[in-house]
Amino acid sequence: MRGDIPEGANPVEWDFKHASELMEFIAKNGDFCVGGACYPEKHPESVSIADDIKSLKLKQDAVCQFLTTQM
C-alpha cells in the first residue's frame with residue numbers, strides 16, 4: 001500500500017510505517033481478506049534475506065492471508 005516514497009516526503013509523519021501495521025488496522029475495523037506484497041529476491045530496502053523474512057512474518061502475524069509478487 002505504501003508504494004514508492006514521493007520525493008520530499010517525510011515517512012515519519014505517516015500513520016502506518018509498515019504494511020503489517022495497516023493490516024492490523026484493517027483486520028480490527030472490517031471483515032476483509034488481507035493480502036500483502038513480497039519480493040522473491042528480497043525487498044530493495046531490506047538489509048538481508050533474513051531481515052526480509054522477518055518482515056514477511058510480521059505481515060503473517062498481522063493477519064495477512066496471502067502474499068503476491070509483481071507480475
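The model is predicted: local features need pLDDT of at least 70, side-chain atom pairs count only at pLDDT 80 or more, and totals for chains, interfaces and linings use all residues. Residues are numbered from 1 along each chain as its sequence is written, and side-chain values use heavy atoms, with hydrogens and water left out.

Q: In what order do the elements of the protein run from the N terminus?
A: Helices (H or I, at least four residues) and strands (E, at least two) are DSSP runs, numbered from the N terminus. The protein has two helices and two strands. From the N terminus on, their order is α-β-α-β.

Q: What percentage of the residues in the protein is buried?
A: Buried means under 20% relative accessible area, exposed over 50%, and partly exposed in between, with a 1.4 Å probe and protein chains only. The protein has 71 residues, and the buried share is 15%.

Q: How far apart are the end C-alpha atoms of H2?
A: Helix H2 covers 49-61. The expected span of a helix is 1.5 Å times one less than its number of residues. For the 13 residues of H2 that gives 18 Å, and the end C-alpha atoms agree, at 18 Å.

Q: Which residue forms a salt bridge with Lys57?
A: A salt bridge is a side-chain nitrogen of Lys or Arg within 4 Å of a carboxyl oxygen of Asp or Glu. The whole structure holds one. Lys57 is partly exposed at 42% relative accessibility. Its partner, with closest N and O atoms 2.8 Å apart, is Asp61.

Q: How many residues apart do Lys57 and Asp61 lie in helix H2?
A: An α-helix has 3.6 residues a turn, so residues three or four places apart point the same way. Asp61 is exposed because its relative accessible area is 53%. The separation of Lys57 and Asp61 is about one turn of the helix, or four residues.

Q: How far from Lys59 is the nearest side chain of opposite charge?
A: Lys59 is in helix H2. Beyond its neighbours within four places in sequence, Lys59 has contacts (heavy atoms within 4.5 Å) that include Ala19, Met23 and Leu67. Lys and Arg count as positive and Asp and Glu as negative, while His and the chain ends are not counted. Lys59 is buried without a salt bridge, and the nearest side chain of opposite charge is Asp52, at 7.1 Å.

Q: Is Ser46 buried or exposed?
A: Ser46 sits in the loop between strand E1 (35-37) and helix H2. Beyond residues up to four places away in sequence, Ser46 touches Asp51 and Asp52. With a relative accessible area of 9%, Ser46 is buried.
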